[in-house]
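This report gives a short account of one protein model for a new reader. The sequence and structure come before the description.

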Amino acid sequence: MTTIIEPFRIKSVEPIKFTNETERKTILKDTGYNPFLIHADDVMIDLLTDSGTSAMSSKQWAGIMDGDESYAGSRSFFRFEEAVKRITGMDFVIPTHQGRAAEKILFSILGGKGKFFPNNTHFDTTRANIEYSGAEAVDLLCEVGKHPEEKADFKGNMDLDKLRAFILEKGPENIPLVFITITNNSGGGQPVSMENIKGVRKICDEFGLKFFIDACRFAENAYFIKIREKGYESKSVLEICRELFSYADGMTMSAKKDALVNIGGFLALNDDKLAMNCRNVLIVTEGFPTYGGLAGRDLEAIAQGLEEITDENYLHYRIRSVEYLGEKLLAAGVPLIEPTGGHAVYLDAKRFCPHIPAEEFPGQAVSIALYEKGGIRACEIGSVMFGKYDEKGKLIPPPMELVRLAIPRRVYTQSHIDYVAEIIIAVFNERHLLKGYKLSYEAPMLRHFTARFELAD
Ligand SMILES: *Cc1c(COP(=O)(O)O)cnc(C)c1O
């Protein structure tokens, strides 16, 4: 059978408000051509992020009603703890309100001036929490991961030679732990192989270092291992998850991704002393150890989400539907990062509209056009988000100009995705009409959230 069907039926629906192109032109003008400033009701297909945007299952909603809101020793905590242990095998499980809260706790204990944290690619909140502690965050991604047009199975891998050299250069005593992010979100949602995870473990053992996983999309990564890595074809995704966590000493998690909930996170680890220290910070910043920053009902929904996420019918549909969008676009000649990652398709705006220079934000121009043409909201990841200025005020663009189409989990059907492909291809076929933009307002930090634009000339 070649048709992949959504492995669920729809029990509850949320209407989409339709707008026309004329209305959207006005909306864009009023919001300074920044999709972040558009009222979500005015978006027809929202691909801004896959974080916290999942559709929960009927069982998760039932868990919301069934949550135990006891301050201490809640039944929902024990169900949550068991669900995390079943997948990760970790000894200690600490609930937090989001992934970044788990990071904040960990790095406030292990970070500080003179410390270094290597990763394949740090996600921006991880980097921010490390730098906030005074320590340095270092990306050691494998070479192939840096080239959008090169195809490889595991473009999220850590460069193991660089990791060893880095540890020798900085001294193992200055590296509290080594991190790896699965899948590599900032690098296009590309997976990490089991072999690479084992390789990191081996190097950590050589130097007596701890190894943690930023596990936000662990199930998507495990599914890529199953379909792409030799020796894992006949293993279940749950077995693969257990194996990959068995090589780690701990993990941080944003439950807003692969736990299929709208809010939540956790920290899980094996070291009892470090766990005690983490719990002590947790009590000050998040809450009592059996609820962290969450309500009992949230813990219940996470526990159920973790049971559902390793379902291979779901993962097959998930990975295949992202790939399906990528295939349609590639067939029409639309340039993108290949192969498609687990949670998103990344358009390559540099090749999409080569007539727009980096100073006029090609990624922004594409994302504005997608909204104008079809009411689709995407996220620019290029000179708006990461551009810096030299001392003369000239833009230093980042290496890539991308537009991310992140696919929320279980939210859109195949016809929504067909519509998205149709709009992107229509914009691509008229790409010579796209115009550049200039900034009319920018904040000193994280400017992409609040910036305003106008046409460049
Ligand atoms: C989302 C994310 C985080 C942070 O999680 P929040 O729940 O948004 O705080 C950390 N790392 C990665 C790889 C992520 O995708």
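The model is predicted: local features need pLDDT of at least 70 and side-chain atom pairs pLDDT 80 or more, while totals for chains, interfaces and linings use all residues. Residues are numbered from 1 along each chain as its sequence is written, and side-chain values use heavy atoms, without hydrogens and water.

An automatic or database domain assignment sets the domain bounds. Domain 1 covers 21-50 + 312-455, and domain 2 covers 58-309. The table describes how the two domains meet.

| Item | Value |
|---|---|
| Separation of the centres of domain 1 and domain 2, over C-alpha atoms | 28 Å |
| Area buried between domain 1 and domain 2 | about 2100 Å² |
| Salt bridges across the interface of domain 1 and domain 2 | 7 salt bridges |

Buried area is the accessible area (1.4 Å probe) that two parts lose on being put together, summed over both. Carbon and sulfur atoms hold 54% of the area between the domains. A salt bridge places a side-chain nitrogen of Lys or Arg within 4 Å of a carboxyl oxygen of Asp or Glu. The side chains of Lys 151 and Glu 338 form a salt bridge, at 3.3 Å from N to O.

Five strands make an open sheet with mixed pairing, in the order 2-8-7-6-5. Strands are DSSP runs (E, at least two residues), numbered from the N terminus, and two of them pair if DSSP finds at least two bridges between them. At the edges lie strand 2 (92-96) and strand 5 (177-181), each pairing on one side only. Strand 5 runs parallel to strand 6 (residues 210-214), with 5 bridges. Val 178 has Phe 211 in strand 6 as its bridge partner.

How values were computed:
Helix = DSSP H or I, 4+ residues; strand = E, 2+ residues; numbered from the N terminus.
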